[in-house]
Amino acid sequence: MSDFTFSALSPDTILAALEQCGIFPQSGLLALNSYENRVYQFVSDEQQRFVVKFYRPQRWTDEQILEEHQFSQELADAEIPIIAPCIHNGQSLHYAEQYRFALFPSAGGRQFELDNLDHLEWMGRFIGRMHKVAGSKAFAHRPTLTTESYLTRPRQTLENSELLPDGLKTAFFTILDQVIALTEEQYHPTSAIRLHGDCHAGNILWRDGPTFVDMDDCRMGPAVQDLWMMLSGDRPQQMLQLETMLDAYEEFCDFDNRELVLIEPLRAMRMIHYMAWLSDRWQDPAFPRAFPWFGELKYWEQQVLALKEQFSALHEPPLSLTPQY
């Protein structure tokens, strides 16, 4: 696992990497809230604010990272508010020892409000604009959101994990396998476009409207993947939120209402993938520090309950824009 960590990413390595791009930090390097990669904010000697992202070794190929950058720039060129990487010496992807990194302009803002219908209308409009551009061509190198990558492989990771308490394994894998089977039965997208892929509140900055950040998980998949994480509250609230977003979304891009049946399967896939991701990254020292509860009995007991609730949700009628009586 050591090849996948940042054990050799020292401050000297970071400073040398920036200097090779002709950028000299005047401030200290402020570590931002990122675990998959290492991300630092700083002010240069020319009083410009930057963010530098060092990609986790061996997670993506160069071609996949460059497709992320190209997609971001394509969206920025279409005047969609997104933080695209800076270009230095004609390149957006740079190298420092065994690490690859990219520079971005630093942007301030606050998280948008999930329960604010005005904010959700903005989000629907800009996701629609993003998907209009995204649907013009496909990724050649980025992955596709599949049950193999979000269910099958994560289950294998969890089965091999030493963090799951022995006394809970039977209960955990019994409900996990039920959720997986039902999700695989229900998840059959009819089309795929280029997606942000991880479009949740933490990846949206709000400054007189939304700004998209962190395209690290962009991939091919159904359009609804970039919408469902905006939903919160009980079913009537989610119906209202969904209608608000889709009305604005369809000002710019058509939406296939058949994709609404994918919301709960996608939620199940995210839950299972997240548990496996934490387990797979546990040997990175940043993870036990940030998620100390992950190895505790109480956490896994809660996951058994959460999976049971999700199993029930998978049996419920899907969200619809037509009231159910």
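Helices and strands are DSSP runs, numbered from the N terminus. In this predicted model, Asn-203 falls in the loop between strands β6 (193–195) and β7 (204–206). Asn-203 has a relative accessible area of 6%. Asn-203 is therefore buried, the cut-off being under 20%.

The protein chain as a whole contains 9 helices and 9 strands. Its radius of gyration is 21 Å, close to the 20 Å that the globule rule gives for 325 residues, so the chain is as compact as a globular protein of that length. Along the principal axes, the C-alpha atoms fill a box of roughly 65 × 50 × 35 Å. Of the 325 residues, 50% count as buried. The chain exposes about 15500 Å², and carbon and sulfur atoms supply 49% of that area. Among contacts between residues at least 6 apart in sequence, 72% join residues at least 24 apart.

The second largest pocket has a volume of about 270 Å³. It is lined by 17 residues, of which Arg-235, Glu-264, Ala-313, Glu-316 and Pro-317 are the closest to its centre. Three helices, α6 (235–249), α7 (263–280) and α9 (297–315), each supply at least two residues of this lining. The largest share, 4 residues, comes from α7. By class, the lining of the second largest pocket has 9 nonpolar, 3 polar and 5 charged residues.

Notes. Residues are numbered from 1 along each chain as its sequence is written. This is a predicted model: local features need pLDDT of at least 70, side-chain atom pairs count only at pLDDT 80 or more; totals for chains, interfaces and linings use all residues. Side-chain values use heavy atoms; hydrogens and water are left out. On a 1 Å grid over the protein atoms alone, a cavity is a set of points where a 1.4 Å probe fits but cannot get out, and a pocket is an open set with protein on both sides within 12 Å along at least five of seven lines; lining residues have an atom within 4 Å of a point. Grid points are joined across faces, edges and corners, and a volume is the space filled by probe spheres set on the points. Ala, Val, Leu, Ile, Met, Phe, Trp, Tyr, Cys and Pro count as nonpolar, Asp, Glu, Lys and Arg as charged, and the others, Gly among them, as polar. Buried means under 20% relative accessible area, exposed over 50%, partly exposed in between (1.4 Å probe, protein chains only). The radius of gyration is taken over C-alpha atoms; the globule rule is 2.2 Å times the number of residues to the power 0.38. Contact means heavy atoms within 4.5 Å. Accessible areas come from the Shrake-Rupley method with a 1.4 Å probe; for residues, only the protein chains shown count as cover.
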